[in-house]
Amino acid sequence: MDEIEKRLRNVEHEIEQARMRREAVLKEEPVQLIAVTKNHDVAAMRRAIDAGVTAIGENRIQEAVGKYEALERKVQWHLIGHLQTNKAKQAVRYFDLIHSIDSEHLAKAVDKAAAAIGKRQDILLQVNLAKEESKSGIYREELDGLIACVQELPNLRLRGLMCIAPNYEDVEDCRPLFHEMHEIFWQLKGKNMPRANIDYLSMGMTHDYTIAVEEGANMVRVGTAIFGQRQY
Ligand SMILES: *Cc1c(COP(=O)(O)O)cnc(C)c1O
C-alpha cells in the first residue's frame, strides 16, 4: 500500500477511536479530516486524494494558488493560515472555507472581496484562547464583538470557530483549552443567529488531534501524521 494511504488510514482510525471515547451526546457527530498539504508537492496531494482525502488545508495563498492550478482533482480547499487583507481577493476565489478570520478589519476586506465575485464566503473565527502573543486569533473577550460585526456583513456566512493550541510539553495540557472551546462553540450554536450556520469546530493537529476530537472537535487539520515531516 502507498505510504501516504497507509498513514491516512491510521489517522482515520485514530479519529474514529477518539470519537468513540466521547460522551454519548457527541459520539454520533462525524469528524471531518482536513489534510494539511503545506510544503508538500502536488504529487503528494494526488496520492492523498486518490486514497480518499476530500478536503485539503493550505496556510499560504501563494503556494495554494500554484497547486490549485496544477491539481486536476476536485477537492475542498481550506485556508488555515493567517490571512492579510491585501490577499482577500485571492482567498475568496480559491477557498471554500477560511478558518482564520480574527479581526473586523479582515472580515470587512473578505466581505468586500466576496461581494465583488458574487460569492457568499464561509468563514470560521480563529480564537486565541491561550493569549499567545506569537499567534494570531482573537481573544475570548473580543469574540462577541467580532461575531456581531460579521453578522452585519452580507457576503460572509459564519460557520464556526477555529483554534490552535499552544505547543505544551505535555500535550494533555491542551485538554482544558479544547474543552472550553467546545463550550464556547455550543453556546454560539444555541444562539440561533439568523445569518449564521454554526456547524464547525476546527481544532487539533498532528500532536493533539485525538485529544481535540475527544473534547468535541468536528474538524481536525492534520499534516505531518499523513505526509511525514515537512522540509523547509
Ligand atoms: C501546519 C498546520 C496544521 C497541521 O500541522 P501538523 O502538525 O503538520 O499536523 C494545522 N493547522 C494549522 C493552522 C497549520 O498551520
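Buried means under 20% relative accessible area, exposed means over 50%, and partly exposed lies in between (1.4 Å probe, protein chains only). Welcome to these close-ups of a predicted model, where local features need pLDDT of at least 70, side-chain atom pairs count only at pLDDT 80 or more, and totals for chains, interfaces and linings use all residues. Residues are numbered from 1 along each chain as its sequence is written, and side-chain values use heavy atoms, with hydrogens and water left out.

**View 1. R21 meets E214 in a salt bridge (a side-chain nitrogen of Lys or Arg within 4 Å of a carboxyl oxygen of Asp or Glu).** The N to O distance here is 2.7 Å. E214 belongs to helix α9 (residues 209–214) and R21 to the loop between α1 and α2 (24–27), so the pair ties together parts that are 193 residues apart in sequence. Helices (H or I, at least four residues) and strands (E, at least two) are DSSP runs, numbered from the N terminus. R21 is partly exposed at 47% relative accessible area, whereas E214 is buried at 18%. Both residues belong to a salt-bridge network that also links E172, R175 and E215.

**View 2. E16 and R19 pair within helix α1 (residues 3–20).** These partners sit three residues apart, about one turn of the helix, and the closest N and O atoms of their salt bridge are 2.7 Å apart. E16 is partly exposed, with 35% relative accessibility, while R19 is buried at 12%.

**View 3. R157 forms a salt bridge with D122.** Their closest N and O atoms are 3.1 Å apart. R157 lies in strand β6 (residues 156–162) and D122 in strand β5 (residues 121–126), so this pair ties together parts 35 residues apart in sequence.
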